[in-house]
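Subject: Structure for your review

Dear colleague,

Please find the structure below, together with its sequence.

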Amino acid sequence: MKKNQIAVLCLLGGVIVTASVYASSLGHARDLLGRGETAAALDEVEAVLKNNEADPQTLFLRARILATSGDSSKAIAAYERLIKQYPTLPEPYNNLAAIYAVQGKLERAREVLERGLSSHAGFSELHRNLNQVYLHLADQSYSKALRLNEDKSSDALELEQQTALTQVPLSGIALASTKPVVTKPLTKTPQPIVSASTAATTVPAVPVPVAPVVAPPVTPPLPVVNVPVAAPAKIAAPQTVVSQAKGEVGGSKNISGEVDIKGVLQSTLLGWAAAWSRRDIATYVGYYADNYQPDAATSHEAWVDQRRERIRRPAWIKVKLEEFDVQPGRDGQYVVQVIQNYAAKGYHDRNQKQFIFAHQADAWRIIDEQTVKVLAP
Amino acid sequence: MKKCFAKSWVYSLGLVAMGVIPLGGSAQGDGFPLLAMHTPLQALENSSQQTSGSLQGLFDELNLRLSEHPADYEASLLKSILLFREGQLDKALTEINALVARAPDFNLAYLVRGDILMAQVHGAKAAESSLLEHLTPEQQNQLKSLLDEARMRLVGGLVKHGNKLPRQLLALGESVNRAILVDKSQHRLYVLQRSGNDVPPKVVMDFYVSTGKQDGNKEERGDLRTPEGVYFVTSWIPKEKLPEKYGVGAFPMNYPNELDQRMGKTGDGIWLHGTDTGFFSRPPQDSEGCVVLTNADFNVLKQYITPGLTPVVIAEQVEWVDESDWLSERKELFAALESWREDWESLDVDRYLSHYAEGFWSAGFDRNSWASRKRLVAQGKTFQKIKLSDISLFLYPRRASNGQAMAVVRLNQLYTSNNYTSELNKRIYLNRENGHWQILYEGS
């Protein structure tokens, strides 16, 4: 009995030390990914995986890097591996579906999302994306019925992606860890280990690896919970999902612990463009301040109505952003300049846009939007 | 959760369809083409026509169709619609996905599939397809045509006539063996098969058909109407000799027939034919007067048609009547023919001529010249024997005969006499004057 406890504690100590090292490496890799340096980011995660080859958070980041670098077949394999190893985590299903969707393989995307929902009925992101897939499939079917658009490219659908795992099975890290870096023995009597049958836990809503683990290596021990991988995980708090949709406010920090504001605003704007592209008016409007007015003469409500009408009218919309430039503005606001490529059925344009973001109600929101310059398409 | 919601939505749709709850305003159905289809099932419920009864009966019927003809795409489509209305969205989707994989040009199947997918969207009670919301007027017409097709296929494919018999077809001779009936109002073509001497013919197949763009009976060239009357397939034109728009083949018919010509109707080229390559089916009212089938259906129909022989009765509405009514009309016509035959055999020319209507005509004859000729011929006769066989009887669609009760007979006539013998196939038109069937036209 005592021997067993010590063995577990050895492992546990290893986990904690490993965790802090790995957290900073992972943070670095994320940072590299945010800057588009996918090769370097991949090196970084591969290094982490050498010591911790089954860590879900790292495997997830690796899959994201592969997906971003455009190696979809490797990214698919990576997500499939995660799903096989951790079938209760919803995010890999979500992102795997997103890869299939962008390839226009909507039936595959649907199947993956349904699979994810079978163990995660409450994960609203999977539902949202599944709805998007169904809407897109329905529209495709309607357009075939009416022979509107034989264009194959309209099969592609951009789904909202998840940037981190919200629930990590701790046991997954501990038990799957094959080469603990440190195995310093612990001397203090540990708290009783909670058995699998009686306890479940939720991991903090903030993604584990982004917040540097500052726990002292000896006391108090982390609650070790032997949650079986197949056990139904608890549903993430709704705020988490919302804040992710708004660009991981407060979650994305670089190694030094500072918020990577550029990355946050960039992903916020990408989310904004994605919502616009799939003509999801509710999410799209959610990126703006609650009282947003395009000008003094147009009320917020009138603007929302106008946007709804404009966004719904075309059969499809594609918005692509490039060349982000983020500068601090006054009162803690940020000014983002970006080139916006807008395409809808029968129309496209290219503009230099400027956004002003203010931090409101736990998210970065657009308080001003201007077209600075019309560019040649 | 998702399924429950969708299920309750479709279930309420079912209630609308059954007339249990009224369809409140238009808000409910916005963006959902199938919702607009509450009428056909309601019509089924209210109609005196018999469906197979229970829903399970309808499924059994469709499964039987599919087991007999695996390429019966309509049966698959209807099955999917019924499953959808029952709230069995997954099964409905599986069925329709298999259908569009096999019939990738079936536009209506894609429409149904769109609705089924839409119903899967969580909270989709008022979900709208932005695509359907922003159609041009031309596209809206296309959508309407597809819904019309759906309506016709639902009614035509699910309404069964049970033990009722078509008044338009009272007898089928053994050499003719089969007849085609076309119901323009329901866009349905029926194949009837002779089942024996004193046994009514049986419906063996039925298909959705497209007919002329314009309502009404054909009068003149270019009026885009499908003629109503009793016609015969005259020939066969294979695919190779046809422009693409006729699909896999064509059977020309004898429009304008003897009566049409007599009435001064014009136009020609009224055919049964297939569908333009690249299209699965056409809207209900889409042709210039022809009766159009899908290529798959046409290929099945082809086996049942003998050029030069097969009758095609086209009516605004085929009248399905009880067997007793059907039998009494049949009996009356057979009796009239028998009476004519006996009087002809009797050598009493006046008795014979009493069977001929005032307006009688034949090739080169009117009633008077016909009477003179018959009197002349009778002078040389010491006996004559007439044997009628292979008799087919058709009641003429009322509207096509200006409201008159008319009939067409096709028979084999074996004539023997002291100085002359002949055997020929005759076509006789009769009309009913003062309660008696009289011969209006006779030809071979």
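Predicted model: local features only at pLDDT ≥ 70, side-chain atom pairs only at ≥ 80, totals over all residues.

Interface of chain B and chain A

Together, chain B and chain A bury about 2400 Å², of which 59% lies on carbon and sulfur atoms. Of the area that chain B buries against chain A, 23% is supplied by B:Tyr110, B:Leu131 and B:His134, more than by any other three residues. The contact involves 33 residues of chain B and 22 residues of chain A.

Ten residue pairs are in polar contact across this interface. On the side of chain B that touches chain A, the elements giving two or more residues are α1 (2-17), α5 (89-102), α6 (107-120), α7 (130-133) and α8 (137-158). The largest share, nine residues, comes from α6(B). One salt bridge is found across the interface; B:Arg113 pairs with A:Glu107, with the closest N and O atoms 3.2 Å apart.

Salt bridges within the chains

Over all chains, the search finds 49 salt bridges. In chain A, one of them joins A:Asp31 to A:Arg35, with 2.8 Å between the closest N and O atoms. A:Asp31 is buried, because its relative accessible area is 14%, under the cut-off of 20%. A:Arg35, at 49%, is partly exposed.

A:Arg115 and A:Glu80 also form a salt bridge (3.9 Å, N to O). This pair links distant parts of the chain, 35 residues apart: A:Arg115 lies in helix α6 (residues 106-119) and A:Glu80 in helix α4 (residues 72-85) of chain A. Both count as partly exposed, A:Arg115 at 31% and A:Glu80 at 24% relative accessibility.

A buried glutamate in chain B

B:Glu442 belongs to strand β20 (residues 436-443) of chain B and counts as buried, with 2% relative accessibility. Its side chain makes polar contacts with the side chains of B:Lys426 (2.4 Å) and B:Tyr356 (2.5 Å). Beyond its neighbours within four places in sequence, B:Glu442 is in contact with several residues, including B:Trp340, B:Phe360, B:Trp361 and B:Trp370.

With kind regards

Methods
Residues numbered from 1 in each chain as written. Chains lettered and ligands numbered in written order. Heavy atoms only, no water. Helix = DSSP H or I, 4+ residues; strand = E, 2+ residues; numbered from the N terminus. Buried < 20%, exposed > 50% of the residue type's maximum accessible area, 1.4 Å probe, protein only. Polar contact = N/O pair within 3.5 Å; in protein donor to acceptor, adjacent residues only side chain to side chain. Contact = heavy atoms within 4.5 Å. Buried area = accessible area lost by both parts, 1.4 Å probe. Salt bridge = Lys/Arg side-chain N within 4 Å of Asp/Glu carboxyl O.
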